[in-house]
Amino acid sequence: MGQFGIGQPVRRKEDIRLLTGKGRYTDDVHVDGQVWAAFVRSPHAHADIRGIDIAAALESPGVTHVFTGADLEAGGVQPLLYDLPFKDRNGKPMFKPARRILPTDRARFGGEPLALVLAETAEQAKAGAELVEIDFEPLPCVTSTARAGDPDAPVLYPEHGSNVAVHWENRAPDEIDALIAGAAHKVSVDLVNNRLVVAPMEPRCAVADYDAASDVITLYTPTQGIMTMQTAFAALLNIPKNKLRIVAQDVGGGFGIRSKRYPESIAVAWAAKKIGRPVKWRGDRSETFVSDYHGRDQVNHAVMGLDRDGRVLALRLETIVNVGGYCGDNGPRLPIDGGGRIIPCGYDIEKFYFSVKPVYTNTVPTDTYRGAGRPEANFIMERLMDAAADATGLSRIEVRRRNLIPTSKLPYRTQMDFVYDSGDFIGTMDMTVKEADWDGFAARRAESEKRGKLRGIGIASFVEQAGGRPTEEMRVKLEADGSATVYAGTFSHGQGHETVYAQMVEDFLGIPFDQVKLVQGDSDTTPVGGIGTFGSRSSMMGGVAIRRSCNQIIIKGKRIAAHLLQAEESQVRFEEGLFKVNVSSVSIQEVARAAADPSKLPEGMKAGLDENYLFEREPDAMNFPNGCHICEVEVDPDLGIVQIVKYTAVDDCGVVLNPLLVHGQVYGGVAQGIGQALTEDAVYDETSGQLLAGSFMDYGMPRAHHFPHMVAHFNESQPCKTNDLGVKGAGEAGACGAPPAFVSAVVDALSPYGVKHIDMPLTPERVWRAIADAKSKRAA
Amino acid sequence: MNVTLTVNGQAISRDVEPRMLLAEFLRDELRLTGTHVGCDTTQCGCCIVHLDGEAVKSCTLFAVQADGSKVTTIEGLAGTDGALHPVQAAFREHHGLQCGFCTPGMVMMGADIVRRIPGADDETVRHELEGNICRCTGYQGIVEAIVDAAAQARS
């Protein structure tokens, strides 16, 4: 294994470009002759639309066109429909109304796009949008997750009569309830998993350019999967796939939501063809706040019964998930068979009842955000375990130890039909406890106390699932000059695939790292079976597809080498870039050169060494990254300010392809988890339905000073057994571990006051109030 | 209005609308798209450039306010021989970037910190980055990189 092979902390190929201003993001695309687009958005959370008057806007300087949903639909644009198969226990399917790209009858959340204005400049388009007159009849609204299903809540879809889309249950609750009723210990938690604005640093943009000669629309837009987007968008535009080209070069963060279907992109693509001029839309940050899908937003009620020894007998969990004004591609799926299916995470609990109610509200639709249901699931389990420690008198470590699935029980089939193939949950926890110096905590707490600070330590053990959709296609092509090109169906948008895939090809084929090029981001060159990068799937799905493409190259290469060396194919071995027969050998570069020259090939062989592989795994043969995180905080009891002073993570990501990059994924995931737990909250005003945290002025994006220098380790003893590379996804683990570890730490710090839980985010106000309430209760 | 200034060592003179922001001038007029715009409230710092040697948020200045000034953008930070600025090199070494969108602003701010506070420690750098937001890295590699470059600047 060379300096640039698998397992090495190789510095990234993409960095030079990105560090010198040579990245090319969607807003950097300028097409000559382009007009600028602006969207008219609903100022109301909920309103009937009685009419849209575009006359004044059309008269506005520079405005060339104004379109409404009626124009788009007359032009064949289709509404968003949702592939969500959920039913209640009586077989009644989920209510999942279509979403019109630009509705003309009713607006269901503040910021919903209702009309499109095109003009010669961006300013003119915005000025024109101000002049579109929409006759609204405002309606009462509902934004609260907990109250959306109440009988007196305003209803978004009168034809359904309720905001509850479906009441999904995994089973009947009776047996579970009986077990809990008879248990020696009973614990319960009521949790709010706060709504988040995902906020990749690149605001959403779209540029569309129509070529009349070929009848092809080229759409430049941030994405996480080129071919997935091509398929979905072509269907919405009602055109054949080959008439829509999707291009994305650099994308400034995705975190799940950049893989989604967005009305703005569809409208822009349609308009470019309609008017025969390129159209550019640059969403600003405030616009992105009300038009990008939001994340999380659940309330959970969970009850657990334990025996005298602290072993869990049964679990009952009820979740309400706020899906917003419309379904979202995955919003209702997340707690059910998305990430939420990981319940009960790493714990050996066979008896559980699990119910989910997705509810419609007058808020921005929610969808996948880093972890996509697993952070929520692990948060529930970890808050329950802390409650169990409290009820049983066991330590937080011991109660987990008694309930975590021991390695001896693997492979372990969960009640939700996942099979955990590998993992050492207890060993990983022990490693973390040691690395975090849990035993030395008392001395650190005493030291903090001297400075007037309350110190707390918190722990979270978690399991998540990675791999996502079960197919992916990659192509590896050897060029005649001996270099290699990887054409990826995945889509790197910060993960560093240009680097990791090159490490793989160096390892698999012996072609030097700097001779391997990545091609991605254009539907003209992406393998047709490409899916994309989400659900921490690229290492496994893309990686295995590269491995097997390389295997095919080696097989064909052996035939060519045998021909060149005048040997039997069966005598050829491939080692470190050389095809060897006894003492003679030819390099893979020589074989590549020969492969390009039909005269040097065995008879009947097609020229070139160019192989693609469509990897199709068993749908449930995912991988299960897991870990344990320990967080230590200091709380200022007078101000309620929490400072994280120590953070230790041990992650089991299976085989680590590049520790530098995997550490980066861990730290980034932790930061998003801490953001949720400490500063972030997409707060709505319940009366007006307006998003109050509508910009970076009002929304608590975590800053550098919120974090200490973190420490992360890997438990590499458990390679994944369901894929060729032994890898497990690394992208989302941090977001699973951080919120429960952090909340556990703050609650521990406040233990002198008897505080048992504080809802996220643990802002100074909330922490201060928890202390003040505890003090006043004591005084009373 | 006319604005005459030097951008990355090149003399530039243009007529612009008085309301045009410096960030828009750099991106849309000069097509120097390395300077990014990540918000509309002066919070994120993606647009930081150097104005007469000091870090400024180019989304919060009008282009005409830069009249007569020397502006350096991320495109002009590396040496004319292509050698990376020490802060750029440190970002690569410490994996201080993932998606790269906040990176130009982070690097320009980092270079400013290193110039003002050679030997800046972890806590100082975190405090100094109050006006820069990154969503990918958890700031770990960014802070390490700037601390490293600041240490080099002192030695």
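Here are a few friendly notes on the backbone of this predicted model.

1. Some housekeeping: residues are numbered from 1 along each chain as its sequence is written, while chains are lettered from A and ligands numbered from 1 in the order in which they are written. As the model is predicted, local features need pLDDT of at least 70 and side-chain atom pairs count only at pLDDT 80 or more, whereas totals for chains, interfaces and linings use all residues.

2. Have a look at A:Ile343 and A:Pro344, which are linked by a cis peptide bond with omega near 0°. A:Pro344 sits in the chain A loop between strand E14 (312–324) and strand E15 (352–360). Strands (E, at least two residues) and helices (H or I, at least four) are DSSP runs, numbered from the N terminus.

3. The bond from A:Leu410 to A:Pro411 is also worth a visit: this peptide bond is cis, with omega about -5°. You will find A:Pro411 in the loop that runs between helix H10 (396–403) and strand E16 (412–413) of chain A.

4. A:Asp297 is a non-glycine residue with a positive phi, near 75°. A:Asp297 belongs to strand E13 (residues 294–306) of chain A. Is this residue buried or exposed? A:Asp297 is buried, as 26 other C-beta atoms lie within 10 Å. The cut-offs are 20 or more other C-beta atoms within 10 Å of a residue's own for buried, 12 or fewer for exposed, and in between for partly exposed, with C-beta atoms placed from the backbone.

5. A:Asp437 has a positive phi too, near 50°. A:Asp437 lies in the chain A loop between helix H11 (425–435) and helix H12 (441–450), and counts as partly exposed because 15 C-beta neighbours are inside 10 Å.
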